[in-house]
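Subject: Structure for you to look at

Hello,

Here is the structure I said I would pass on. My notes on what I found follow below it.

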Amino acid sequence: MPEYVRHTKSPAWGVGVLVREAYDQRTYLFADGIARTFKTAIAAKLIEPAAEPDPDDRQRLELGLGAIAAAPGARAGVTATPKAIHLGLEAEIRAARDDPGPHLVYADWLLGKGDPRGELIVAQHQLAQAPADRRRQLAAGKVLAAHADYFVPAGLADARNSEAAWQLGYLDRVRLARRSNRAAELEPVLVELLAHPSARFIRHLVLGPLGDHAAFNYAPLVAAIAESAPPLLAELVVGDFTPRDTTLAFTRIGNATPLVKALPELRRLVLRGGSVSLSGALRHDRLEELAIETTDARTLFAKLARGRMPALRSLSIAAPDLEPTATELAHLLSGQVAPSLRRLALRDTVHTSRILDAILVAPQFAKLESLALPGGDLADAAVPGLVARVATWRHVELDLAGNRLGAIAARHLASAANVKVDGSERDEPATDEARILALAPDARVAGNAREVADSRDWLELGRDRERVWGRFADATDFWVSAHVVTRETTCTCSSRRPCKHGLGLLVLATRRPFPERALPNAFRVRQPAARRFRPARE
């Protein structure tokens with residue numbers, strides 16, 4: 001518990017606490033929201049012990065201390081301490097975040113205390129009644145701009161690629177993103193945001209790219225959210241990036257179990273990272289949607305199968321060669337782990353026929369409304385048995401797109417019930433950017449491959465059956481070839497395989513069709529086992 005003090009000459013400042021002490025100086029944060037620095041000798045004369053403040057002032061001081069700790073380098077004179085706070089009225093807002101009534105009552109009280117947040121609540125409420133009204137838009141913007149240092153966390157204001165949406169005087173939705181490595185790191189921005197009074201009722205948070213052409217490590221940000229534990233956070237998306245930003249294999253989220261435990265109001269959780277783990281069984285009373293995309297899901301199902309999520313309605317897991325065991329599926333779909341589950345999606349599974357068989361006999365399957373197993377290895381041989389049991393799964397919307405089904409088998413299955421299939425993908429293997437860039441030896445090569453794919457320096461491009469080829473103009477001309485099925489690449493450059501040119505060619509082939517052209521005569525392999533192509537001498 002901090003030691004409370006007061007300034008004998010300025011009782012209007014209210015109770016204060018010591019923030020920092022340096023050589024011959026002491027800094028105190030007072031209940032009026034201002035941090036003041038005194039010479040040690042002056043402080044000894046004018047600062048004296050004080051009784052513990054009332055709960056509202058104590059809460060304000062705690063918020064101010066948290067904000068100072070989160071943003072120690074904030075501009076002088078800027079503080080996140082609220083000018084006024086009423087814990088009872090804020091409790092009513094937390095209980096009904098979308099109800100303007102408690103907000104307007106609080107606005108009246110704040111206006112009486114001289115806190116400009118009351119004016120912001122009123123202006124944003126009026127705007128919500130007529131969002132297209134230009135005058136109300138300008139009025140709300142004017143209030144926000146006039147007190148920007150008070151309302152907006154400094155780090156968020158400086159994060160150019162981030163986005164924020166307000167609701168009735170407080171931040172409601174925030175997306176943090178860092179497009180360039182020259183921009184500020186997101187971790188201190190996030191820590192400052194979560195400690196700021198404007199984010200006391202934040203409900204939606206999205207973490208986007210963390211830089212350009214580098215490995216993304218979301219683990220510190222996830223830990224910061226778990227430590228701060230925003231009480232109303234209902235939606236969290238970690239890893240909102242595209243293949244142009246980075247590759248899934250070069251991202252890390254780490255252990256998500258403490259995060260889930262720290263957010264009691266969480267309804268939707270999306271985790272996208274090459275490394276995602278759970279240290280224990282996942283238990284949450286209100287989580288309704290869980291989506292995980294990773295490069296290794298071997299341990300996830302065991303933890304999920306031992307969990308307890310009574311409100312979960314949608315579960316989606318995506319990972320290369322995904323293969324939950326029959327036992328794990330039986331536990332997960334027993335009706336004890338997720339009794340409310342209605343939508344299940346498992347992407348890129350192997351032994352898809354076995355997985356489907358295990359799901360069809362699970363107790364919870366009767367309550368499912370949709371089952372998606374896209375990108376698996378379900379083959380034509382499984383179709384007759386599946387059609388024979390159509391009565392057991394007719395109630396489910398079944399998605400088998402991207403499996404290894406031929407056109408005839410796909411039509412036969414689609415005619416039996418409500419099934420989404422696409423037999424054409426059997427002859428055209430998937431070569432999406434994320435999977436291709438995951439073949440790179442490191443994040444640097446993956447980033448360079450993306451640049452090669454975006455480059456205009458391709459002088460020639462062609463496709464010869466299952467092999468694509470091209471001539472790329474760098475310091476010299478490089479002849480590049482890649483097999484779209486095996487993804488083996490060859491190149492005349494001297495870099496380690498797979499090089500940026502080969503991966504870039506594969507990425508480019510996913511974006512647009514190449515003209516059907518045979519390998520030119522100048523494009524030959526010197527030896528049958530050669531690793532790279534070299535142009536023949538004229």
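Angles under 35 degrees count as roughly parallel, over 145 as roughly antiparallel, 65 to 115 as roughly perpendicular, and the rest as oblique. Please keep in mind that this is a predicted model.

The helix pair comes first. Helix α19 (residues 443-454) packs against helix α20 (residues 500-511) at an angle of about 50°, and their axes are 7 Å apart. The two helices are therefore oblique to each other. The crossing of α19 past α20 is right-handed. On the α19 side the contact involves V445, N448, A449, R450, V452, A453 and D454, and these meet K500, H501, L503, G504, V507, L508 and R511 in α20. Sorted by class, that contact has seven nonpolar, three polar and four charged residues.

Next, two single residues.

S162 sits in the loop between α8 (154-158) and β6 (163-167). S162 has a relative accessible area of 14%, so it is buried. Its side chain reaches the backbone nitrogen of A177 at 3.2 Å. Apart from neighbours within four places in sequence, S162 is in contact with L156, R175, L176 and A177.

E460 belongs to strand β20 (residues 458-464). With a relative accessible area of 19%, E460 is buried too; the cut-off for buried is under 20%. The E460 side chain makes a polar contact of 2.9 Å with the side chain of R471, and another with the side chain of R517 at 3.4 Å. Not counting residues up to four places away in sequence, E460 touches W469, G470, R471, W479 and R517.

Regards

Note on methods. Residues are numbered from 1 along each chain as its sequence is written. This is a predicted model: local features need pLDDT of at least 70, side-chain atom pairs count only at pLDDT 80 or more; totals for chains, interfaces and linings use all residues. Side-chain values use heavy atoms; hydrogens and water are left out. Axes are lines fitted to C-alpha atoms, for helices over the stretch in contact, and angles run from 0 to 180 degrees between N-to-C directions. Helices (H or I, at least four residues) and strands (E, at least two) are DSSP runs, numbered from the N terminus. A crossing is left-handed if the near helix is turned anticlockwise from the far one by less than a right angle, and right-handed if clockwise. Contact means heavy atoms within 4.5 Å. Ala, Val, Leu, Ile, Met, Phe, Trp, Tyr, Cys and Pro count as nonpolar, Asp, Glu, Lys and Arg as charged, and the others, Gly among them, as polar. Buried means under 20% relative accessible area, exposed over 50%, partly exposed in between (1.4 Å probe, protein chains only). A polar contact is a pair of N or O atoms within 3.5 Å; within protein, one must be able to donate a hydrogen and the other to accept it, and residues adjacent in sequence count only if both atoms are side-chain atoms.
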